[in-house]
Each structure stands twice: as structure tokens, then as C-alpha cells.
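Here's a quick briefing to go with the structure you have open.

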Amino acid sequence: MGVVGWRVRSMVQHLGWNCRRGLSSAAVQSQLENVGFIGLGNMGAHMARNLVMAGYKVTVHDVNENTMKKFSDDGIPTKLSPLEVSKSSDVVITMLPSSAHVLDVYNGRNGLLANGGCLGPWLYIDSSTVDPQTSRKISMDISKCTLKEKKAYAEKPMMLDAPVSGGVPAAEAGKLTFMVGGSEEAYLAAKPLLLSMGKKTIYCGGAGNGSVAKICNNMAMAISMLGVSEAFALGQNLGIKASVLTDIFNCSSARCWSSDTYNPVPGVMMDVPSSRNYDGGFTSKLMTKDLDLAMASASGVGFNCPFGSQALEIYRKLCADGCELKDFSCAFRHNYAGKDEN
């Protein structure tokens, strides 16, 4: 854990924190050491294990008993409820499928906040992809609570919304990007913890802004993938190979992640979902969920998103047509009738 203390101290010195804003590295380090992790799905399981490998004392919970047993068999403490996790943690991280799951884990029976508003952990980090309103509600709920034991640098418990980008491969490799909203002081204190699971953290501003960044990023990613897929399919129908178009795109103004890193045309790029029948990767079901969040948030502020709305309709149809568990790049084949590269 020495490296955590060194990183925090360097951060504090660089930013010129005074004694009232930040404590010594040793004090912050000791309050990051015991980490509760709730949600051990495809992403969360890798994130929790990376924290263990980094030297943190991790306690976990998940509704899946088989998943819990795997962690228990590896000597990692498990608890039967979120509330039980909080009792042994300084920091709690949640990685859950939806806004409803997040609200239940925090505010439900035996939830993280079910202890009468007097909390043990001083910091809560939600890395789930949810709507900004949910993130802001949980942050507000936590701000109304008190700490069982006040810290010199945190008189009240704090909340960060910190969704991630990079998918399962980045979660396994510890190379996630965290988009973080909430108190900047809490963000700076938590940064070494986040970097034990990722390669980059970006501070986005106040509560909910991490969730804003995530849904905007995923909306742009969906629109980009559909645009690239449409162009490749058009090119094929006009007589040009997708591999040739890929070479042109990737050295021209059309270059983007969907063409140079995650190409949707089977046979053009190895080790991407399109090369394995669109299995693995980021499912169309999850993309539909994220686009739903983006469109609902846009509607809430009266903002019109014509491309985002059309993307949502396309992914809803893909799911209805049986592609919900296929990677979202399958739109090339199943929406545009694109052909494999020979």
C-alpha cells in the first residue's frame, strides 16, 4: 500500500492543498485500505480482483451465490448484503446493471444507507452506467447522512459517480477509463484507488457529471458505429471492398474508433467481436439500455436528439430480432445486410 500513500502525497503537494483541505498521505491511505465491492458481474469481478492484487483489503457482495463462492474460495471475504459490506469498509464501490439496481443497493432493505443515516464508510463510488438523475439522487441522499466516526478530512460521507469506458477486456487488464463526478477533493483522494483498476481518470465536475459523460460517450459511439457500418455496406453494394474502405477511412477524415479499433466487418480485423460472429464485447442489449438513458435524459431537459433517437430505434429492433446478446457492431450485418470480407 506504500505506492498509494506516495501517489496521494504527490497529488496533494502538486495541488497545494493546505492542512484543512487534505491530510497527510498516511491518513488518507489508511482510510482507503478497506474496500467494499458490490456487483461482481463481467466488469465488477475483474475490478474487484485488481483491487485485491493492488493490496487493498476487499470485501464483496453479489446476488449470484456461485460468483460469491468463487471469491470466497479464493480467500476474499464475502457478505450477505450491502449493509454487511459497509460495516467492514472505509470505501464502497458499486458496479451494477441499472438505475433500479443502484437505488435498491443504496436505499433498499439492507442497503448501504439502511443504518439510520449514520454511516461507516466515508466514501461511496458508483461505477454503474445510470442516468444522471439517479447519480444525483444518491449523492444527495448520502450528503444528508452523518459519519459514525468523523475524519479530519471528511466531516460527512461523500459520493462519486465514476462510470467506466473500455469494456470487459480493459476491466480485466486494469486499463479502464473513469469519468468522475462529485467533490473534487473526494476525486483526488480516490484517484489512486481508481488507478488500481484503470489507466486514466477524468474529473467531469459536480455530482452526476460522470454519468452525463458516460451516456454522451456511448450515444456518440452508437451513432459512429451505425454511420461506419452504413458506409461500409454502401461501399460493398457499389463494388468496393470493406478492407479497402477501411484503409481509406483510417488515413482520412472518416477515421474513428469504429473503423480503426473495433471494425464491424467480419474478416477485416482480428480479435474484435466481428471476427467471432459478434460474440463477446458490448452487447446490443446494453447499448439499447444506454441509449434509453441518454434519450430519457435529453427529454428531461427538452433537448432533441434526432440521431440518438434513430440509433435507439435501430438497436431496439436488433434486440427484438434476436441480437440482444450480440455485440453492438452486429448492426453492420443485421441492420444493413453487410457482407463478410472474403
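On the α10 side, Lys214, Ile215, Asn218, Met219, Met221 and Ala222 meet a set from α13, namely Met287, Asp290, Leu291, Leu293, Ala294, Met295 and Ser297. Sorted by class, this contact of α10 with α13 has nine nonpolar, two polar and two charged residues. Keep in mind that the model is predicted.

**How the two helices cross**

- Two numbers describe a pair of packed helices: the angle between their axes and the distance between those axes.
- Here, the axes of α10 (residues 209–237) and α13 (residues 284–300) come within 9 Å.
- Those axes of α10 and α13 cross at roughly 120 degrees.
- As for handedness, α10 passes α13 in a left-handed crossing.

- Asn110 isn't a glycine, yet its phi is positive, near 60 degrees.
- You'll find Asn110 in the loop that links α6 (99–107) to β4 (118–119).
- Asn110 counts as partly exposed because its relative accessibility is 38%, which falls between the 20% and 50% cut-offs.
- Ala337 is another non-glycine residue with a positive phi, at about 55 degrees.
- Look for Ala337 in the segment after α15 (331–334).
- Ala337 has 53% relative accessibility, so it counts as exposed, the cut-off for that being over 50%.

Technical notes
Residues are numbered from 1 along each chain as its sequence is written. This is a predicted model: local features need pLDDT of at least 70, side-chain atom pairs count only at pLDDT 80 or more; totals for chains, interfaces and linings use all residues. Side-chain values use heavy atoms; hydrogens and water are left out. Helices (H or I, at least four residues) and strands (E, at least two) are DSSP runs, numbered from the N terminus. Buried means under 20% relative accessible area, exposed over 50%, partly exposed in between (1.4 Å probe, protein chains only). Axes are lines fitted to C-alpha atoms, for helices over the stretch in contact, and angles run from 0 to 180 degrees between N-to-C directions. A crossing is left-handed if the near helix is turned anticlockwise from the far one by less than a right angle, and right-handed if clockwise. Contact means heavy atoms within 4.5 Å. Ala, Val, Leu, Ile, Met, Phe, Trp, Tyr, Cys and Pro count as nonpolar, Asp, Glu, Lys and Arg as charged, and the others, Gly among them, as polar.
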